[in-house]
Amino acid sequence: MSSANVVALTIIFTALILAFYRAFPFLVFSKREVPVALKFIEKSLPPLIIAVLLVYCFKDLDFAARPFGAPNFIALAAVVFLHLWKRNSMISIFGGTILFMVLSRTM
């Protein structure tokens, strides 16, 4: 089998798996009630993601060296502000993460 055929089969196989992976929840939960465990995960996942990002943001903080943790605290304030303003976890998570990455690279 030529390498072009292997590549084509790999792409087709990957596309089929991805289509099944994305359709699976709709196939399983379209006719039934969503399980309580899944509702719990849906409610608790955004705060857990924020907690993981907080740990990542503050794990190597060094107050003795410049910029003295300023990007971390500015991004944290932005996350709190965005969440109180918009009440949208995704905006808070992505906005704070992007701001932190920009500030940590530029300060």
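User: Which helix holds Asn72?

Analyst: This is a predicted model. Asn72 sits in helix α3, which spans residues 70–86.

User: Is Asn72 buried or exposed?

Analyst: Look at the relative accessible area. For Asn72 the value is 8%. Buried means under 20%, so Asn72 is buried.

User: Which residues is Asn72 in contact with, leaving aside neighbours within four places in sequence?

Analyst: Those residues are Cys57, Phe58, Leu61 and Phe100.

User: How do I read a pair of packed helices?

Analyst: Two packed helices are described by the angle and the distance between their axes. Take α2 (residues 36–58) and α4 (residues 89–106). Their axes come within 10 Å and cross at roughly 15°. Angles under 35 degrees count as roughly parallel, so α2 is roughly parallel to α4. The crossing of α2 and α4 is left-handed.

User: Which residues make the contact between α2 and α4?

Analyst: From α2 come Pro46, Ile49, Ile50, Leu53, Tyr56 and Cys57. From α4 come Ser89, Ile93, Thr97 and Phe100. Eight residues of this contact are nonpolar, two are polar and none is charged.

User: What about charges? How many salt bridges does the whole structure have?

Analyst: Side chains of opposite charge can pair when their charged atoms come close. A search of the whole structure finds two salt bridges. One joins Lys39 and Glu33, at 3.0 Å from N to O. Lys39 is partly exposed, at 37% relative accessible area, and Glu33 is exposed, at 60%. Another salt bridge links Asp60 with Lys59, with their closest N and O atoms 2.8 Å apart. Asp60 and Lys59 are both exposed.

Key: Residues numbered from 1 in each chain as written. Predicted model: local features only at pLDDT ≥ 70, side-chain atom pairs only at ≥ 80, totals over all residues. Heavy atoms only, no water. Axes fitted to C-alpha atoms, helices over the stretch in contact; angles between N-to-C directions. Helix = DSSP H or I, 4+ residues; strand = E, 2+ residues; numbered from the N terminus. Parallel < 35°, antiparallel > 145°, perpendicular 65-115°, else oblique. Left-handed = near helix turned anticlockwise from the far one by under 90°. Contact = heavy atoms within 4.5 Å. Nonpolar A, V, L, I, M, F, W, Y, C, P; charged D, E, K, R; others polar. Buried < 20%, exposed > 50% of the residue type's maximum accessible area, 1.4 Å probe, protein only. Salt bridge = Lys/Arg side-chain N within 4 Å of Asp/Glu carboxyl O.
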